[in-house]
Amino acid sequence: MAGIMDGVDQRTQLAGHNRLELLLFRLEGQQLYGINVFKVREAVPCPALTKLPNAHPVICGISNVRGKTVSIYDLSKGIGGRAVKEPQQCFVIITEYNRSVQGFLIRSVDRIVNTSWSEIMPPPAASGKKHYVTAITEIDNQLIEIIDVEKVLAEVVGINDTVSQSIVEQFTSLNHNKQFHILVADDSSVARNQIRRTMEQLGIKVTIVNDGLKALRQLQAWAAEGLDVTQHIDLLISDIEMPEMDGYTLTTEIRKDPAIKDVRILLHTSMSGAFNNALVEKVGADKFIPKFSPDDLALTVQELLTSWHGRS
């Protein structure tokens with residue numbers, strides 16, 4: 001499994017076609033979980049772990065992986081389950097999320113499957129607000145749960161969503177008396193709240209939906225009402241990984257629709273920056289930035305709003 005990312009060029013062709021590949025795995029039990037292959041660097045037998053004093057209970061230690069010190073999270077414990085037993089007999093998925101590399105301790109790796117985002121559904125409403133599942137799907141008559149890893153990381157590492165005062169003052173000075181409206185599409189409750197709080201500090205109004213299909217329908221509904229959509233909203237901030245319709249496909253669909261094709265689009269995702277930068281031009285987005293830095297997000301929004309309104 002160490003060569004999971006072999007063939008990345010071939011997998012890149014999935015972008016814009018609403019498809020993805022999931023690495024399936026198990027924790028302590030028979031439930032299957034999935035993670036997007038593009039977030040996975042490799043899956044390896046659990047390396048030797050060095051425990052850290054006063055570390056968060058979910059962090060079971062650190063390890064040297066290919067010359068880099070990586071924190072290893074007990075993913076089962078991170079989502080409220082029982083700790084993984086006998087780590088030395090388990091596996092670690094090395095991932096890249098939100099500008100950092102970390103490992104997730106799991107019981108076993110199952111396989112990689114190719115599926116469509118249209119087959120990925122939001123979790124049932126009955127799951128409640130405190131669940132750790134961001135989406136579900138069914139493969140070979142088995143329920144697959146996709147974990148909200150951003151929520152796990154936020155609870156362990158913490159969240160900084162405060163924009164630097166100097167950036168807020170600069171934005172206010174440059175946009176005096178202007179009222180901006182931004183549409184946000186993201187399936188993670190943590191990410192939605194991070195973006196909302198960042199935009200509130202800039203005085204920007206936000207409309208929030210939790211997947212790409214809802215974003216597309218909202219834009220089309222505004223156009224059907226006779227609104228000039230590019231005047232009604234100044235920017236769309238979209239995640240890439242979302243149930244039903246991903247951010248690449250959302251961008252592609254927007255660019256094909258004459259009524260909404262000129263909407264400015266910022267792709268904002270926890271996936272690898274090197275990979276996504278290569279795809280921005282392909283699908284027609286205006287910019288990509290990795291999650292999550294409140295200052296970077298604020299500055300990028302300012303850049304896009306300034307360049308857009310400077311042309312109007």
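Two strands count as paired if DSSP finds at least two bridges between them. Helices (H or I, at least four residues) and strands (E, at least two) are DSSP runs, numbered from the N terminus. This is a predicted model, in which local features need pLDDT of at least 70 and side-chain atom pairs count only at pLDDT 80 or more, while totals for chains, interfaces and linings use all residues. Residues are numbered from 1 along each chain as its sequence is written, and side-chain values use heavy atoms, with hydrogens and water left out.

Q: In which sense do strand β2 and strand β10 pair, parallel or antiparallel?
A: β2 covers residues 32-36 and β10 residues 142-147. Gly34 stands opposite Ile146 in β10. Three bridges join the two strands, and their sense is parallel.

Q: Which strands stand at the edges of the sheet?
A: The open sheet has five strands in the order β8-β1-β2-β10-β9, with mixed pairing. Two of them have a single partner strand each, so one side of each is left without a neighbour in the sheet. These are β8 (108-116) and β9 (133-139).

Q: How are helix α6 and helix α8 oriented to each other, roughly parallel or roughly perpendicular?
A: Axes are lines fitted to C-alpha atoms, for helices over the stretch in contact (heavy atoms within 4.5 Å), and angles run from 0 to 180 degrees between N-to-C directions. α6 (residues 212-224) and α8 (residues 247-256) pack at about 20 degrees, with their axes 9 Å apart. Angles under 35 degrees count as roughly parallel, over 145 as roughly antiparallel, 65 to 115 as roughly perpendicular and the rest as oblique. The two helices are therefore roughly parallel.
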